[in-house]
Amino acid sequence: MNRFHWMSRLAAVAVLLALGGCVTAPKHLAYNHEEAASTKRIVVLSMRHSDIDLLIVNNPGYSFGLIGMAIAEANRAPKSHWLKDEVARDHFDHVVEFRAALTAAMSARGYELRWSDPVQLPDGAKDVAREQFGLRKAYGPVSDADAQLDVDFGFVGYAAAGSTDSAPYRPTVVVSARLVGADGKRVLFEDYIVYNSVFSFMDKPITIDPDDHYRYPEFNALHDAGPDAVKGLQVAFRAAAEELAKQL
Amino acid sequence: MCLLRLVVLCALLFATCGAVAQAEDAACAHSPAELRAFVYPAVPASTLRDAKSADYVFAANAQCLQSADEQRRAPALLIRIDKCAEPANLHLTSISGKEATLPARLQVLDENFTELKDYPFDRFVKRGMDYTLTLFLNPSPQPRYLLVMPDSEWLGRVNHLTAGNRWTAFWSTGTVMGTISNGTEVRRELPFGSGGTMRIEVETDNRVVGGAHAH
């Protein structure tokens, strides 16, 4: 089961990287404050499941077919497990962190957020149809809010652009968001935000430059940082939430 | 005799300085109405929503504009938006040049050059080394103007970008060949200044869930 799980994820990453610019990213549709001045109460829809992970985006192992991919994955998997353990040891929940930061930032702008239950779907739970970046394909109407916010995480965790010291590991967060009207038909806002713009195939996302304090030239440096590395994730999720609120 | 020459020389000097000052003064507009306006759409279109994108190289097209209190001069780009019968969303992008990123401050002016709205550079969104802003224009039977100037609050600051870069190399052993890819981190820095290009394009999306572009 585990082998199938990581092989399928690996294949998904490989396909994503191979497709490059072919991947349909969220559009850049800005929010019109004047048109939607009465939008104050927003329901945040359940997010699909996401886990903190670790990735070398352009791993040279991916250039050598399935064997190369398997070797690259064998190298990556224990590092990813270490990061997940470290996050668990620090009781860091990225969804809780993001939710708190977005709620506060939106409240400061006069919005009232109501988060759906569950905030994030459990791993393996039955989900609605979604687009490539995780946003829903369709929305139903709501009567108890002025608008619906669909938020979804892409890669979250630590990512490096390549396998050399010139491509350090940095906290990385990819967030897609779409605000639709209460009728579920009209798009009020749509975009995506990347903290640490390490995925070169992404088409002009809103970019947040990463904090240089959390820059680790190699995995050993990240490992030695321990709790500080988790703090880097906290900084990244807060920055992404605040940037999203800034758009609305 | 010498005293007379000195007096004549000084008079000539003052006259020259005055002429230069007057020429500079004449070259610098005292109000946006005195600036030469570029027209958008640059290529005629039946409606604004059909307009093609247009690029305006800031350093080449900006003209000198003196502030209302006459304390400051700055380069300014004036773009006339032709009348539009229906709402239109304009995407503006400040595209970084080789030497600078324009920290654009944008004013929307009516047909009498009266300010309707003011967008400081804080309102722009960072996308890599570029910055974008969307303007939501209501229908208007009259033309409107966009006045683009450097936001003085941002001059002297630096535009930073940390990003991943993928490279691919070809290899061959004589009998076997293939490619190998890896990545590096690229760090770019540009000062905010009077450079770069201002791009204007019209949003074509119909903003309906699952909908495609309007065209």
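## Overall form of chain A

Chain A has 248 residues, and a compact globule of that length would have a radius of gyration near 18 Å; chain A has 18 Å, so the two agree. The model is predicted. Along the principal axes, the C-alpha atoms of chain A fill a box of roughly 55 × 35 × 30 Å.

Buried residues make up 39% of chain A. Among contacts in chain A with a separation of 6 or more, 73% join residues 24 or more positions apart.

## Secondary structure

Chain A holds five helices and seven strands. Their order along the sequence is α-β-β-α-α-β-β-β-β-β-α-α.

## A helix pair in chain A

Helix α3 of chain A spans residues 94-108, and helix α5 of chain A spans residues 227-247. They pack at an angle of about 35°. Their axes lie 8 Å apart. The crossing of α3(A) and α5(A) is right-handed.

Which residues of α3(A) meet α5(A)? Among them are His94(A), Phe98(A), Leu102(A) and Met106(A). From α5(A), the contact includes Leu233(A), Phe237(A), Arg238(A) and Ala241(A). By class, this contact has 10 nonpolar, two polar and three charged residues.

## Where chains A and B touch

The contact takes 36 residues from chain A and 26 residues from chain B. On the chain B side, the elements giving two or more residues are β8 (125-127), β9 (130-137), β11 (158-172) and β12 (177-191). β12(B) provides the largest share of that side, with eight residues.

The chain B side divides into 13 polar, seven nonpolar and six charged residues.

Definitions and conventions
Residues are numbered from 1 along each chain as its sequence is written. Chains are lettered from A and ligands numbered from 1 in the order in which they are written. This is a predicted model: local features need pLDDT of at least 70, side-chain atom pairs count only at pLDDT 80 or more; totals for chains, interfaces and linings use all residues. Axes are lines fitted to C-alpha atoms, for helices over the stretch in contact, and angles run from 0 to 180 degrees between N-to-C directions. Helices (H or I, at least four residues) and strands (E, at least two) are DSSP runs, numbered from the N terminus. A crossing is left-handed if the near helix is turned anticlockwise from the far one by less than a right angle, and right-handed if clockwise. Two residues are in contact if their C-beta atoms, placed from the backbone, lie within 7 Å. Ala, Val, Leu, Ile, Met, Phe, Trp, Tyr, Cys and Pro count as nonpolar, Asp, Glu, Lys and Arg as charged, and the others, Gly among them, as polar. The radius of gyration is taken over C-alpha atoms; the globule rule is 2.2 Å times the number of residues to the power 0.38. A residue is buried if 20 or more other C-beta atoms lie within 10 Å of its own, exposed if 12 or fewer, and partly exposed in between; C-beta atoms are placed from the backbone.
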